[in-house]
Amino acid sequence: MIKRTLQVILSKLANDELIEPVNYEQGEYLSQEDINKSYLIASSVFGSGNVILIGGAALQNYYPLHKSKDIDVIVNGDVEAKKKLLYNNGFKVTKDTGPKPLFNADIYVSYLSLGEKKIRMEFYSSKGLLDSNESFSDIRKKAIYRKYKGERVYFVDPLSLCKLKYNAWKNRLMNGRCDKDIIDLKEANLLDYIDRNEEDYRKIFEAYNQGVISKLKSILSNAVHLAHQEYLKRHHS
């Protein structure tokens, strides 16, 4: 599997294509209903307006064809201090200690049983995730919301989502995602929502047209992930 995957990826190195990652994510795709329900339960713990969707769950609001298998949120609050309350509301929470060298945020991974689905939800602290001059309040002011059962479900504005996806793409060497984040932005045409005079517009746009070094990093990223998956299979079989 690893050999064949690398052959496919290496064959793309000479092309202008972004490199699609192997679909290694487990679990079912989440509907907008799944996301909204999970969001409201989390929001009941941290308070209205203190939870904001980021990542694929936010992207799904701009581009319904995109489907996520997990939910990422920024929270305004201390997850550690809320662990008991989260547990009482159905979340099983552990702190993520995996390698994310370009993120200094505290990250907590949780699982919520919603009917027959087991939903993975990751809580990110705003400190260490956002730009050093940004606060949760800044992101909250720009956030967009949709109404669901009389409540507001907040998700990040297009520019913030692009910046977060761009940072996740830069972090891909350690998480095996290849160019997934940039592909997500491109498929959703999310840059069309952004003023081209924005300071961050050009660097995100330029990520669509990578040089050889970026492509090699993507290839190495997938190779590292596939080797790790193979290791896990052999040691858990």
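K95 is partly exposed, because its relative accessibility is 42%. Its side chain meets that of D106 in a salt bridge, 3.5 Å from N to O. The model is predicted. Across the whole structure, a search finds 12 salt bridges.

**Salt bridges**
- The K95–D106 pair links distant parts of the chain, 11 residues apart. K95 lies in strand 3 (residues 91-95), and D106 sits in the loop between strand 3 and strand 4 (107-114).
- D106 is also partly exposed, with a relative accessible area of 38%.
- K142 pairs with E134, with their closest N and O atoms 3.2 Å apart. K142 counts as partly exposed, at 36% relative accessibility.
- K142 and E134 belong to a network of salt bridges that also links D131, K163, D200 and K203.
- K180 and D184 form a salt bridge at 3.1 Å, N to O. Both residues are buried. They are four residues apart in helix 8 (residues 180-188), so about one helical turn separates them.

**Nonpolar core**
- The largest nonpolar core has 59 residues; L53, I71 and F123 touch the most other members. Helix 6 gives the most to this core, with six residues.
- F123 touches residues including A42, F46, V73, L86, F91 and Y108, leaving aside those up to four places away in sequence. D106 is also one of its contacts.

**Helix 6**
- Helix 6 covers residues 158-170, and its 13 residues should span 18 Å at 1.5 Å a residue. The end C-alpha atoms are 18 Å apart, which agrees.
- The rest of the structure largely encloses helix 6, because 12 of its 13 residues are buried.
- Among the buried residues are K163, K165 and W169.

Conventions
Residues are numbered from 1 along each chain as its sequence is written. This is a predicted model: local features need pLDDT of at least 70, side-chain atom pairs count only at pLDDT 80 or more; totals for chains, interfaces and linings use all residues. Side-chain values use heavy atoms; hydrogens and water are left out. Helices (H or I, at least four residues) and strands (E, at least two) are DSSP runs, numbered from the N terminus. The expected span of a helix is 1.5 Å times one less than its number of residues. Buried means under 20% relative accessible area, exposed over 50%, partly exposed in between (1.4 Å probe, protein chains only). A nonpolar core is a set of buried Ala, Val, Leu, Ile, Met, Phe, Trp, Tyr and Cys residues joined through side-chain atoms within 4.5 Å. Contact means heavy atoms within 4.5 Å. A salt bridge is a side-chain nitrogen of Lys or Arg within 4 Å of a carboxyl oxygen of Asp or Glu.
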